[in-house]
Amino acid sequence: MATEKATKQATNQEQSIFFTDAEDESSYSLQNQFAEHLEFRLVKERTTVQPNDAYKALALSIRDRLIRNWIRTQHQYNEKDVKKVYYLSLEFLMGRLMGDALINMGFYQECFEIMKELGYDLDEIKELEHDMGLGNGGLGRLAACFLDSMATLELPAFGYGIRYEFGIFKQEIEFGYQVEYPDNWLAYGSPWEVMREELTYRVKFGGSVELYHDAKDRLRFNWKSTEDVLAVAYDVPIPGYKNKTVNNLRLWQARATQDFDFRSFNEGDYLGAVEGKTNTETISKVLYPNDNTAEGKVLRLKQQFFFVSASLRDIIRSYKEQHKTFDKFADKVAIQLNDTHPTIAIPELMRILVDEEGMDWEDAWKITTNTFAYTNHTVLSEALERWSVGLFEQLLPRHLQIIYEINHRFLQMVIQFYGADHPMISQVSIIQEGDQKYVRMANLAIVGSHSVNGVAALHSKILCDELFADFYRLYPQKFNNKTNGITQRRWLKEANPFLCELITDTIYDDWVTDLYKLKELERFADNEEFQERWRIAKNLAKQQLIQQIYVDNDYSVRINPDSIFDSQVKRLHEYKRQLLNVLHVITLYNRIKDNPEWARKHITPRTVLFGAKAAPGYSQAKLIIKLINSVSDVINHDPDVGDLLKVFFLKNYSVSLAQKIIPASDLSEQISTAGLEASGTGNMKFQLNGALTIGTMDGANVEIREEVGDDNIFIFGLLSDEVAKIRATYNPWDYYNSNPELKRVLDMIRDNYFNHEEPGIFQPIFDSLTHHGDRYLLLADYASYIQAQERVSETYKNKALWTRMSILNTARSGKFSSDRTINEYAKEIWNVKPVKIVV
């Protein structure tokens with residue numbers, strides 16, 4: 001009786017939060033919703049409706065079905081006054097949302113059938129959605145996977161970021177070169193988002209700081225005469241898998257405080273009348289402005305503070321709805337900093353607590369450090385953010401004062417233990433001294449957080465032993481590892497329907513929420529019938545990708561579906577060593593050209609797939625893209641080569657394209673210089689879909705090897721400690737002169753074999769590997785890599801063995817679910833607990 005009474009009370013309370021009856025929401029059919037959105041929202045009738053109208057109407061209908069649970073979720077979080085986690089990230093590489101939403105709602109097949117009855121193909125409609133590309137690589141995609149896992153695990157969580165008008169650029173290939181075009185994903189709006197104009201916050205920049213004494217004669221600071229920007233909230237629903245949780249991704253758009261200057265207009269200065277608005281709204285205009293210029297640096301720091309300031313305002317607003325003091329702030333709020341980009345949140349929270357809330361420094365600092373946690377994503381020292389003190393003085397003068405005070409108190413503590421002359425002082429200081437002073441954001445994040453985590457076991461070890469060794473000696477209790485993960489809902493269930501169907505038919509679908517259940521596939525690894533079905537699923541994925549390649553690119557050459565699909569798709573950076581892959585391709589090409597008859601009998605056919613975007617200002621990376629395309633052009637049109645080798649650079653790599661490449665791939669290239677890749681998540685996506693890994697002992701490759709076993713992975717190259725040792729005496733010319741195959745490959749690149757029309761164009765690539773020291777040790781790892789590739793080719797000839805290895809890779813991918821990662825964050829860092837949303 002007590003339970004029944006409680007249920008009735010909950011129902012009555014719920015009814016009171018809605019404006020309409022909260023009766024069975026599924027009673028209103030999707031057909032009706034779809035038709036009404038076409039007619040009343042988009043003003044279309046049967047003869048005028050276009051394919052994009054169908055996409056918008058369906059997206060709005062799906063969103064409608066999320067809204068009640070979206071409202072319930074936020075209401076019940078607040079009613080229960082639960083601790084919430086807020087995930088601050090400058091990137092959210094969400095991809096397309098429709099397929100993800102339908103799968104998590106358990107509504108995909110039903111929607112497919114309904115749309116078929118109405119004369120539409122759901123798969124074709126999904127392709128019309130523009131990728132939500134608010135990120136440029138693994139950092140942003142990880143954030144998206146985490147949002148999915150937090151909702152599926154029913155954790156009270158928010159994502160905060162920027163609503164960039166233009167996401168990661170659209171990449172075209174013109175004469176082999178990368179050319180960037182704007183990615184205007186919001187050109188026609190997004191049907192998934194809801195603008196919250198009531199959640200608009202004023203964000204300050206510049207100005208000056210005035211000192212005064214308050215009524216209690218305490219020294220206080222007034223940040224005044226600032227240039228202000230408005231941050232307007234746009235919300236995107238994040239549904240959990242087959243539960244009632246719908247969490248929130250809140251993105252901020254910059255708006256001018258004054259849209260139009262009438263005085264300038266009346267004086268004939270028409271451009272000046274809107275100049276302020278244009279300059280202000282640039283803040284949320286584009287993802288990652290080129291910060292090679294002073295103006296770019298200003299904009300980048302403005303972006304970081306803009307979204308952090310608005311997010312903290314919003315977090316505090318929500319907290320104050322339930323609490324009158326800040327005594328329980330750290331008990332109710334956990335803020336995770338996704339890399340150093342949001343680190344300015346630490347001094348901003350201190351400013352709010354001390355300057356606006358009148359709190360003593362010590363109390364404010366305790367709340368701050370207990371609230372923040374920091375995830376590091378790089379071991380490259382040059383990638384650790386730092387900002388000039390002069391720029392801080394210009395944009396955030398009060399925050400610079402607070403950072404100096406944090407640093408002073410921190411260094412006093414260090415000096416007490418180690419003395420003022422200890423070399424550690426200069427290493428751990430938040431301020432980097434010199435002719436030009438800098439604020440080290442990673443140091444600030446470590447000092448101001450209660451937890452610091454790496455994203456793979458090897459990465460976390462490097463942080464403790466090398467990169468942040470001094471901090472680890474000071475704060476060993478802060479450091480921990482949280483190996484990254486991926487959401488199987490998107491990267492297997494949605495991306496690979498062929499393999500998903502086979503797995504679910506064989507072991508049911510518990511793996512969708514517990515990836516360790518895939519372990520049950522091991523007992524089918526040697527089953528001939530199951531192996532054949534596995535190969536059929538892979539072939540179907542290959543055929544689908546082949547069609548996509550022909551649609552999206554200018555390639556007209558035949559692609560052999562029986563060849564090894566050898567894929568390297570990721571952000572282009574020299575340490576990821578796409579260039580090493582090219583060296584192998586040219587080596588293989590030379591072997592074919594030297595003896596075509598022998599090659600046709602002994603060489604395993606291979607299709608090499610590249611997908612990558614290079615940062616617009618990264619000239620060497622862009623030159624590598626040109627080389628890949630030049631090599632592709634020569635090889636793909638050489639009659640001696642035939643079907644034995646084909647090379648494709650797939651333009652405009654994105655989440656949606658990855659969802660087609662990864663299921664079709666046989667081999668996953670994870671070949672970064674050991675010790676430089678923090679984790680990688682592409683390696684996990686390929687493994688989940690049955691691709692075998694060829695890779696160095698770097699990042700999460702180490703843990704993949706531990707899971708799958710030495711016999712089911714192709715490892716090569718120097719280990720991370722060997723990399724450190726070899727650098728002191730490394731001479732790339734020794735490898736060049738001692739390996740004829742390598743020398744021949746490099747000479748071909750230098751001597752214009754792959755581009756006669758632009759002589760000398762690839763000289764910088766040759767020089768980087770020889771005269772300039774081969775920073776990422778490609779030549780040192782070349783011979784080992786070639787040997788590993790030979791093992792790949794031989795293994796692929798044995799279909800049963802290769803299929804067995806493929807099955808075991810999928811079966812042993814359970815550790816790499818983002819559900820496992822988020823569970824660890826929730827229990828060991830955030831101390832947040834699941835909340836069951838009651839309907």
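Buried means under 20% relative accessible area, exposed means over 50%, and partly exposed lies in between (1.4 Å probe, protein chains only). By that cut-off, the buried residues of helix α13 (residues 361–371) are Trp361, Ala364, Ile367, Thr368, Thr369 and Thr371. This is a predicted model, in which local features need pLDDT of at least 70, side-chain atom pairs count only at pLDDT 80 or more, and totals for chains, interfaces and linings use all residues. Residues are numbered from 1 along each chain as its sequence is written, and side-chain values use heavy atoms, with hydrogens and water left out. Helices (H or I, at least four residues) and strands (E, at least two) are DSSP runs, numbered from the N terminus.

**Helices α12 and α13**

- The buried residues of α13 pack against α11 (329–332), β12 (333–338), α12, β13 (372–375), α15 and α17 (441–447), where contact means heavy atoms within 4.5 Å.
- In α12, the buried residues are Ala345, Ile346, Pro347, Glu348, Leu349, Met350, Arg351, Ile352, Leu353, Val354 and Asp355.
- Because 11 of its 12 residues are buried, α12 is largely enclosed by the rest of the structure.
- Glycine 358, which follows α12, has a positive phi near 70°.

**Helix pairs**

- Two packed helices are described by the angle between their axes and the distance between the axes.
- Axes are lines fitted to C-alpha atoms, for helices over the stretch in contact, and angles run from 0 to 180 degrees between N-to-C directions.
- The axes of α12 (residues 345–356) and α15 (residues 397–418) come within 9 Å and cross at roughly 95°.
- That makes α12 roughly perpendicular to α15; the class covers 65 to 115 degrees, with under 35 roughly parallel, over 145 roughly antiparallel and the rest oblique.
- Pro347, Glu348, Met350, Arg351 and Asp355 of α12 make this contact with Arg398, His399, Ile402 and Ile403 of α15.
- The contact of α12 with α15 consists of four nonpolar, one polar and four charged residues, counting Ala, Val, Leu, Ile, Met, Phe, Trp, Tyr, Cys and Pro as nonpolar, Asp, Glu, Lys and Arg as charged, and the others, Gly among them, as polar.
- For α7 (residues 138–152) and α35 (residues 818–830), the axes come within 9 Å and cross at roughly 75°, which makes α7 roughly perpendicular to α35.
- Cys145, Phe146, Ser149 and Met150 in α7 meet Ser818, Asp819, Thr821, Ile822, Tyr825 and Trp830 in α35.
- The contact of α7 with α35 has six nonpolar, three polar and one charged residues.

**Tryptophan 830**

- Not counting residues up to four places away in sequence, tryptophan 830 touches Lys83, Val85, Met150, Ala334, Gln336, Ile822 and Tyr825.

**Loop residues**

- Aspartate 217, in the loop between β8 (208–213) and β9 (219–224), has a positive phi near 65° although not a glycine.
- Aspartate 217 is exposed, with a relative accessible area of 58%.
- Isoleucine 430 sits in the loop between α16 (424–428) and β15 (431–432) and is buried, with a relative accessible area of 0%.
- Isoleucine 430 touches Ile403, Ile406, Asn407, Tyr438, Val439, Arg440, Asn443, Leu444 and Val447, not counting residues up to four places away in sequence.
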